[in-house]
Amino acid sequence: MSMSHFSTPAILLRRIVYGDHDLILTLLTREQGKIPVIAKHAQKSTKRFAGVLEPFSLIEAVCAKGRGNLLVLHEATLIRPHDRIRTDIHKTAYVNFWAETINSWVEEGKNQTALYELLQTALQTVDSERMPPDITSIFFQMRFLALSGLLPNLLECCACRSSLESVSGNLLIPHFRKGGVICRTCGSDLDDRMCISKGTMKKLLWINSDDVNKAERIRFTPQGIRESLFFLESFVAHQIGKELKSLKFLRSMRKP
């Protein structure tokens with residue numbers, strides 16, 4: 001296919017109704033990165049797009065240049081529907097957060113093969129129930145931060161530079177502006193109600209691997225899961241620099 005007409009595997013990050021019959025889609029592709037496309041008459045089409053353009057689906061998209069900068073989606077073939085995600089509100093909440101995170105961070109038209117493969121792995125893992133969605137989210141966020149050059153400093157206090165092992169006590173305090181954690185001595189004037197234990201920190205470092213087989217062998221305690229999710233979700237939102245609506249909803253789902 002020519003450069004003006006191409007086919008690519010893509011994950012549907014977002015869809016917006018446009019006019020009476022069209023959809024504006026945000027796709028994450030393997031080679032072209034994030035691209036916005038318009039699916040004309042998708043709302044009333046029973047042949048080309050029926051059941052294909054659902055959030056988080058993996059599709060084969062055939063696109064062509066349209067007027068202006070917006071690409072036109074000519075054809076779409078379903079590769080993996082990930083329908084077990086959309087029928088579970090907790091899974092959907094987590095995946096919405098991942099999709100909004102990538103959509104907010106990634107610039108249009110830049111190759112993001114590693115992030116594409118990460119999201120695809122996370123979606124398949126949750127859809128197949130290979131790992132619980134909370135553990136998969138810990139894996140996804142650590143890998144996202146590493147691949148984006150945003151990985152927090154979990155090896156030392158970001159204030160006094162004392163190593164994790166030499167810091168007295170078992171608890172550290174998240175400090176998102178400094179890019180990691182600080183010891184309780186350096187953070188004596190901060191709210192320490194959301195401390196994170198050294199054991200949790202070590203597991204976050206262990207799970208920072210592109211090998212999902214390794215990640216699924218790591219065992220988190222319920223407290224470790226809570227600490228990890230609070231720290232990573234807050235750190236990701238701080239780095240992106242905006243309030244993530246999906247994160248607010250995700251956290252509301254966890255309230256007893």
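Let me begin with two strands: β6 and β8 (residues 180–183) pair in the parallel sense over two bridges. Strands here are DSSP E runs of at least two residues, and helices are H or I runs of at least four, numbered from the N terminus. Two strands count as paired if DSSP finds at least two bridges between them. At one of these positions, Asn-153 has Gly-180 in β8 as its bridge partner.

Before going on, a word on the source. This is a predicted model, in which local features need pLDDT of at least 70 and side-chain atom pairs count only at pLDDT 80 or more, while totals for chains, interfaces and linings use all residues. Residues are numbered from 1 along each chain as its sequence is written, and side-chain values use heavy atoms, with hydrogens and water left out.

Back to the sheet. β6 and β8 belong to an open sheet of four strands, in the order β6-β8-β7-β9, with mixed pairing. β6 (153–157) and β9 (196–197) stand at the edges with a single partner strand each, so one side of each has no neighbour in the sheet.

β1 and β2 run antiparallel and are joined by eight bridges; Ile-16 stands opposite Ile-24 in β2. Three residues lie between the strands of this hairpin, and Gly-19 takes a positive phi near 70° there. β2 also runs antiparallel to β3 (residues 33–39), with seven bridges. Here Ile-24 has Ile-38 in β3 as its bridge partner. β2 and β3 form a hairpin too, with three residues between them.

Is β2 (residues 22–29) enclosed or open? Eight of its eight residues are buried, so β2 is largely enclosed by the rest of the structure. Buried means under 20% relative accessible area, exposed means over 50%, and partly exposed is in between, with a 1.4 Å probe and protein chains only. Asp-22, Ile-24, Thr-26 and Leu-28 point one way from the strand, Leu-23, Leu-25, Leu-27 and Thr-29 the other way, and all are buried.

Now helix α2, residues 89–105. Its 17 residues reach 24 Å from first C-alpha to last, close to the 24 Å expected at 1.5 Å a residue; the expected span is 1.5 Å times one less than the number of residues. Asp-88 caps the N-terminal end, with a side-chain oxygen 2.9 Å from the backbone nitrogen of His-90. Twelve of the 17 residues are buried, so α2 is largely enclosed by the rest of the structure. Among them are Phe-97, Trp-98 and Glu-100.

Which element gives the most to the lining of the largest pocket? That is α2, with five residues. β1 (5–18) and α2 each supply at least two. The lining includes Arg-14, Phe-56, Asn-96 and Lys-242. By class, it has four nonpolar, three polar and four charged residues. Nonpolar covers Ala, Val, Leu, Ile, Met, Phe, Trp, Tyr, Cys and Pro; charged covers Asp, Glu, Lys and Arg; the others, Gly among them, are polar.

Last, Met-131. Met-131 sits in the loop between α3 (113–127) and α4 (133–147). At 5% relative accessibility, Met-131 counts as buried. The C-alpha atoms of Met-131 and Val-212 are separated by 9.3 Å, and these residues are 81 apart along the chain.

How values were computed. Polar contact = N/O pair within 3.5 Å; in protein donor to acceptor, adjacent residues only side chain to side chain. 1 Å grid on protein atoms, 1.4 Å probe; cavity = no way out; pocket = protein on both sides within 12 Å on 5 of 7 lines; lining within 4 Å.
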